[in-house]
Amino acid sequence: MKAFLRPCIPGELNLTGTKECYPCPVGEFSLSPSDKSCSVCPDTAECLGGSHIMLDPGYWRFNPSTSTILPCRDPSNCKGGYYSECADGHTGPLCDACDAS
């Protein structure tokens, strides 16, 4: 019987070369399996471990695969969260555009 192991995924590190993947703990994150260590969570977010960064309200990022977090020009437009949700009536980068839908 042959067993095939999957490669590490974002939020996991292979620290020892043992082909074992280790998740980043709560309070830290990693967005690339090639990272050598987990990063400390930014002050503008809560890190749930692995690659899960939950933004505080008033902050935005382009997508969940980036650690670049920007303050919204109008903090009430940005709900934060994993997907950088915008408040009702707002959309786009920094939740600055009006949502016509």
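Is R73 buried or exposed in this predicted model? With a relative accessible area of 67%, R73 is exposed, and the views below set this residue beside its partner and then turn to the aromatic contacts.

**View 1. The salt bridge between R73 and D96.** In the predicted model the count of salt bridges comes to one, and this contact joins R73 to D96, with the closest N and O atoms 2.7 Å apart. Because R73 lies in the loop between β8 (70-71) and β9 (78-80), while D96 lies in the loop between β11 (90-91) and β12 (97-98), the pair ties together parts that are 23 residues apart in sequence. D96 has a relative accessibility of 35% and therefore counts as partly exposed, whereas R73 is exposed at 67%.

**View 2. The aromatic pair of W60 and F62.** A search of the whole structure gives two aromatic pairs, one of which is formed by W60 and F62 in an edge-to-face arrangement, with 6.5 Å from centre to centre and 75 degrees between the planes. W60 counts as buried because its relative accessibility is 10%, which lies under the 20% cut-off, whereas F62 is exposed, with a relative accessible area of 65%.

Technical notes. Residues are numbered from 1 along each chain as its sequence is written. This is a predicted model: local features need pLDDT of at least 70, side-chain atom pairs count only at pLDDT 80 or more; totals for chains, interfaces and linings use all residues. Side-chain values use heavy atoms; hydrogens and water are left out. Rings of Phe, Tyr and Trp (its six-membered ring) pair if their centres lie within 6.5 Å; planes under 30 degrees apart count as stacked, over 60 as edge-to-face and the rest as tilted. Buried means under 20% relative accessible area, exposed over 50%, partly exposed in between (1.4 Å probe, protein chains only). A salt bridge is a side-chain nitrogen of Lys or Arg within 4 Å of a carboxyl oxygen of Asp or Glu. Helices (H or I, at least four residues) and strands (E, at least two) are DSSP runs, numbered from the N terminus.
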